[in-house]
Amino acid sequence: LAKLPDIEPSLVQVTKTDSPKQVPPPSSLVFGHTFTDHMLTVPWQMLEGWGTPKIQPFSNLSLPPSATVFHYAHCLFEGLKAYRDTNGKVTLFRPDMNMKRMNNTAHRVAMPGFNGDAMVELMKQLVRLDKHWIPDQPGYSLYIRPTMIGTQPALGIAPPKEVLLFVICSPVGPYYPQGFKPVALYGTTEYVRAAPGGIGAYKLGANYAAGVAAQKAAAAKGYVQNLWLHGPDHHITEVGTMNAFVVFKQADGTTELVTPPLDGMILPGVTRDSVLTLAKEHAAGHINVPELTNKLVVSERPVTMGEVKEAARKGNLVEFFGTGTAAVISPVDRIGYLGEDVQIPTGPDGMGPVSRPLWKHLTGIQTGAIPHPWAVEV
Ligand code: COI
């Protein structure tokens with residue numbers, strides 16, 4: 001069987017916009033509402049493989065109403081960020097991880113895989129073209145959204161024979177409208193985000209659509225986000241659309257940083273992996289994360305809401321936070337659980353003694369202030 005063409009960056013066709021938009025001031029940005037001047041598209045057909053990549057003016061797509069994306073949720077995506085430092089140097093944060101995950105997600109829904117390195121090359125080219133859109137203030141960046149949709153006009157349930165991969169870019173600041181402040185969570189047991197063997201570990205649009213009603217219910221009760229509690233033991237799985245981390249003070253004087261294991265129901269977050277890696281390397285003495293305790297134990301293990309509540313009652317709960325590309329680290333100050341509020345300690349800046357040094361170190365790497373191979377120059 002002849003191998004069909006993969007994505008080939010050298011074939012890219014670039015059409016620049018003749019009506020560039022005005023770049024808005026960062027203070028006016030609402031997460032994901034503003035888009036840059038250009039986008040990237042790459043079509044795929046089952047019998048022809050990946051077609052010509054195009055960097056073109058940001059514009060509407062034209063699709064038949066019968067396209068499978070509109071019927072069977074053939075839609076998957078990624079989120080990664082580009083940072084620009086005050087010298088104008090632009091970096092992407094661990095883009096290889098996103099391309100690997102995008103391939104895994106595509107595989108889960110029988111959509112085509114592609115060469116991740118080739119896509120990173122094309123995204124670099126897109127970001128270079130729209131470089132002036134990247135805000136360089138601390139806490140601001142360019143959010144890059146690679147997306148894959150099924151475009152075949154066909155109502156039979158099958159792997160789509162036609163697909164479109166596209167990338168759009170949005171200059172962003174804080175994810176939550178209240179800024180970088182801690183959020184209140186509602187422990188959700190009425191809805192299920194993911195089940196064993198399901199799709200919770202994949203970045204599929206459908207996962208996020210199914211989460212919105214739970215978020216709305218939490219908001220109606222006065223909380224910002226929902227905390228997904230799984231099964232009869234109320235296992236902590238995720239915080240809204242982020243991975244969850246808990247910090248406990250232990251009887252032997254150590255501090256335990258805990259996140260649930262990747263059991264097929266948890267999204268393998270890039271920020272999750274970065275926080276775990278930095279914390280483990282620090283705990284092992286391989287790196288020094290300034291101001292982080294040396295008596296740190298890092299655990300990927302199941303953790304229940306009951307354990308968190310009990311630790312809070314005994315004064316052994318140090319902090320609780322979410323991690324994700326959009327918000328990076330998002331501290332939590334309160335969790336509504338079975339009719340009462342569990343109060344979570346927070347520092348004056350919202351963060352706690354473990355998340356603050358990790359956040360500083362991680363954002364230092366992301367913005368290029370701390371040299372690290374994770375920051376890939378554009
Ligand atoms: C995240 O980066 O935390 C996300 O899950 C993306 C979000 C905008 C849906």
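## Lysine 203 and its contacts

In this predicted model, lysine 203 is in contact with Leu76, Phe77, Glu78, Arg101, Thr105 and Leu267, when its neighbours within four places in sequence are left aside. Lysine 203 itself is placed in the loop between strand S10 (183-188) and helix H4 (205-220).

Is lysine 203 buried or exposed? A residue is called buried if 20 or more other C-beta atoms lie within 10 Å of its own. Lysine 203 has 25 C-beta neighbours inside 10 Å, and therefore counts as buried. The unreviewed UniProt entry annotates Lys203 as "modified residue: N6-(pyridoxal phosphate)lysine".

## The surroundings of the ligand

Which residues are found around the ligand? They are Gly79, Tyr208, Thr241, Met242, Gly324, Thr325, Ala326 and Ala327.

Thr241, one of the residues around the ligand, lies in the loop between strand S12 (235-239) and strand S13 (242-249). Threonine 241 counts as buried because it has 23 C-beta neighbours inside 10 Å. Apart from its neighbours within four places in sequence, threonine 241 is in contact with Tyr208, Gly211 and Gly324. Threonine 241 and threonine 323 are separated by 82 residues in sequence, while their C-alpha atoms are 9.0 Å apart in space.

## The two faces of helix H6

Helix H6 (residues 305-314) has the buried residues Met305, Val308 and Ala311. These residues cover an arc of only 125 degrees around the axis, so they lie on the same side of H6.

The face of H6 turned away from this buried side carries the exposed residues Arg313 and Lys314. After H6 comes glycine 315, which has a positive phi near 80 degrees.

## The chain as a whole

The secondary structure of the chain comprises seven helices and 19 strands. Along its principal axes, the C-alpha trace spans about 60 × 50 × 40 Å.

Of the 378 residues, 44% count as buried. Among the contacts in the chain with a separation of 6 or more, 71% are accounted for by residues 24 or more positions apart.

Note on methods: Residues are numbered from 1 along each chain as its sequence is written. This is a predicted model: local features need pLDDT of at least 70, side-chain atom pairs count only at pLDDT 80 or more; totals for chains, interfaces and linings use all residues. UniProt positions are given in the numbering used here, feature names are shortened, and annotations may be inferred rather than shown by experiment. Helices (H or I, at least four residues) and strands (E, at least two) are DSSP runs, numbered from the N terminus. A residue is buried if 20 or more other C-beta atoms lie within 10 Å of its own, exposed if 12 or fewer, and partly exposed in between; C-beta atoms are placed from the backbone. Two residues are in contact if their C-beta atoms, placed from the backbone, lie within 7 Å. A residue is near a molecule or strand if its C-beta atom, placed from the backbone, lies within 6 Å of it. The arc is that of the directions from the helix axis to the C-beta atoms.
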